[in-house]
Amino acid sequence: MPKINSPAELEKLREGILSRRDPNKPCIAVCTGTGCLALGADKVVAALKEEIKKHGLEDKVDIKETGCPGFCERGTVVVIYPEEICYLQVQPDDAEEVISQTILAKKVIKRLLYVDPTTSEQAVRESEIPFYKNQMRLIIGSNIKLDPKSIDDYLALGGYSALAKVLSQMTPEQVLEEVKKSNLRGRGGGGFPAGRKWEECRNAPGEVRYVIVNADEGDPGAFMDRALLEGNPHSVLEGLSIGAYAIGSHEGYIYVRQEYPLAIENVTIAIKQAEEYGFLGENILGSGFDFTVKVHRGAGAFVSGESSALMTALEGRVGEPRPKYIHTAVKGVRDSPSCLNNVETWANVPLIINKGADWFARIGTEGSKGTKIFSLVGKVNNTGLVEVPMGITLRDVIYKVGGGIPGGKKFKAVQTGGPSGGCIPEEQLDMPVDFDELTKAGSMMGSGGMIVMDEDTCMVDLARYFLNFLADESCGKCVPCREGIRQMLKILTNISKGKGREGDIERLEELSQVTKDASLCALGKTAANPVLSTIRYFRDEYEAHIKEKRCPAYVCKELISYYIDPDKCKACMICLRQCPTGAIAGGKSQIHVIDQEKCTKCGTCFEACPPRFGAVKKISGEPVPPPIPEEARMIARESKEK
Amino acid sequence: MSEITLQIDGREVKAEEGMTILEAAQSAGIYIPTLCHHEKLEPYGACRICTVEIEARGRTNLVAACLYPVEQNLVVRTRSERVDKTRKVLLELMLAHAPDAAELQDLAQEYGADKGRFEKESSFCILCGLCVRYCAEVKKKNAIGFVDRGTRREIIFIPEIASKECWDCKECFPLCPTEALQATFLLTKALMSPPPPSAPESEE
């Protein structure tokens, strides 16, 4: 491939690519992001290719292995162009029908369509599915349209036009002003205005400047950065290059965690392709601007996502945070000015350049502009990646996009911002998704994790879970973080075991305050958020655990017991047979009784008891009723046989 | 180097650009407690006992004095209700490891810290890192290091290096504010002697 030497040559190249593509030629796009791959998307692709070959359609149908469109709950996702027919939960066995029916006979396969659980209506196109319909997919929407390993696909969608625009028509200062005007805030956690960070980095003294992509995504349940880097790596590279131009940097890094092999593969390929075309390297598009990018693989520490720790790790040392009284934008990698932004932040940049800061700033709220991608997970019907405009209410995200809570359960809280974030209860669900509003509510935007919890979640147990995560993932350097988390975790564990003492809540609050005030980095400063927010909104649950030794959500094992209601037990033997410890006594026509000494509270009996009987009960905070006397256990049955 | 004027505990203090609050305070004879600080070593900021309250750009904040660079017109308070409370809890957290360490006890008295507030931990070490950093920065031997992270972090002598370097040095011992270092060394010593047959010393 000859190098592209000017914006005009780029447009010619683009025209060439587009002219060779027939928009009416059928194309089957199969999501081969990590989620769908785990569900067997590669086998679906193989089966489709086999069928295409069988029908001799190799020249008439394209197959595209794309990135993640977000509807992970219903993978493997397949979209057929030009009609944009969206098939969900596609299996390799469906390939035959997809080719013979949809491709050849132009018929829609009804059983593969999305069915609305409430109205039973089917949706043919992606855009008709409520999950997608209520989103605003400016960043992630391209994923299903392109093969991340093909730079031509990215170019066909207008790729690198923003880079060409800044290099040929804008000064670095103008780019900076545009990004500042857009009010783009960092998508990685803190929400620091990107333009201000760029400016600080640009104006900092130093010969060398670095720009870095933070792809060390590590919040439990969060995977939006993975999907972007895997699914549309060129958009991140383009954003990074634009940033480098504005800041005056000639070296960039992509710090990506080792556990994201596909993202590493795709971005490495993308860098190579961009170098070949001349979008990276020397004299980019004939502008005189030089810029190279290297991939750096993280070694698996959560704390390395913190900016100073990430930069220390980039230097080849243990990824421990450094004090940030001087910003890393001024003194970062090897003490040079270093501008670190998250994957999603960089991916927003080409959009802002192409469509303008004014356009971008019209989306969202006063303080938070544009869209945000969330990993919507937990007790919600449509788990997956959702991109919504800032300012949408949490209720709309969970109910309109997420389809509500499964199994008719009641919503309890949503955890935003991962381990550094907090819980938001039902009464705050109408809060707009906005950096400042979420912080006010005691949580944070974070990188965009959104874990939905229903009534079966214990908030003490939840706080304990996150603190346990942080006890492992803190670097362990400073006392307030390491020891504060250690002691908070101990107290929470005791409470969940029924060993809570009067004053524990106050002890937790005091430790939280010190951890927040005195810790060295943001991990420690925010570590107490899960504790503080659960105390703030669910103090009564803490009190129930401590004072009544009762777990209102029936989660904390030490505080619950299983009990078979003798009036409801039909002596069906189901629970008795399934009990792994043989703790259930009884027999045919003998009311079953749980031996509390032997019971490990695994809940198998509770799950096994047929709902029409509902004889197994969870109890908490009250003594287990004494077992029914043996002589009273016989059930007189009406004989069904004659 | 330009001169900077700041205010510490109501006193006007002159300092040079690039100095930390701790250095500025020390040069003016104002005491700020430290545990992980050592003049021969790079500031580390781990124990946080030097936490002070600052007022800058209209905001009040807690910062580590050993790391925070002085600024013109910065207002520093080395004692305040918030500072004292923070130091008290930090001491209580460290006392859970080393309840009888003299340095911690002296400070505990000053700040009213209760050494029994938190359950006793199994290690004496408060991970101030003086030994690790002294060995690395001053002696340049790296015979002792940190392993693991989070609440599992600990100090460990690297037997291969320690068996060569430590016998005649032991300069880190007097730096240790608790008994942990000697204990760790004794453990390593026990592990090292008799040296394993494959050790290079046995080659002769």
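Reader: Where does A:Ile591 sit in chain A?
Author: In this predicted model, A:Ile591 belongs to strand S18 of chain A, which covers residues 590–594.

Reader: Okay, and is A:Ile591 buried or exposed?
Author: A:Ile591 is buried, because 23 other C-beta atoms lie within 10 Å, and the cut-off for buried is 20 or more.

Reader: Which residues is A:Ile591 in contact with, leaving aside neighbours within four places in sequence?
Author: A:Ile591 touches A:Pro566, A:Cys569, A:Ala571, A:Gly586, A:Ile628, A:Arg633 and A:Ile635.

Reader: How is chain A divided into domains?
Author: Domain 1 runs over 7–131, domain 2 over 159–361, domain 3 over 371–454, domain 4 over 459–539 and domain 5 over 557–632.

Reader: And how far apart are the centres of domain 2 and domain 5 of chain A?
Author: Going by C-alpha centres, domain 2 and domain 5 of chain A are 58 Å apart.

Reader: Switching to chain B: at what angle do helix H2 and helix H3 pack?
Author: H2 (residues 81–95) and H3 (residues 102–111) of chain B pack at about 145°, and their axes are 10 Å apart. The crossing of H2(B) and H3(B) is left-handed.

Reader: Which residues make that contact?
Author: H2(B) brings B:Asp84, B:Arg87, B:Lys88, B:Leu91, B:Met94 and B:Leu95, while H3(B) brings B:Leu104, B:Leu107, B:Ala108 and B:Tyr111.

Notes:
Residues numbered from 1 in each chain as written. Chains lettered and ligands numbered in written order. Predicted model: local features only at pLDDT ≥ 70, side-chain atom pairs only at ≥ 80, totals over all residues. Helix = DSSP H or I, 4+ residues; strand = E, 2+ residues; numbered from the N terminus. Buried ≥ 20, exposed ≤ 12 C-beta atoms within 10 Å, placed from the backbone. Contact = placed C-beta atoms within 7 Å. Domains from an automatic or database assignment. Axes fitted to C-alpha atoms, helices over the stretch in contact; angles between N-to-C directions. Left-handed = near helix turned anticlockwise from the far one by under 90°.
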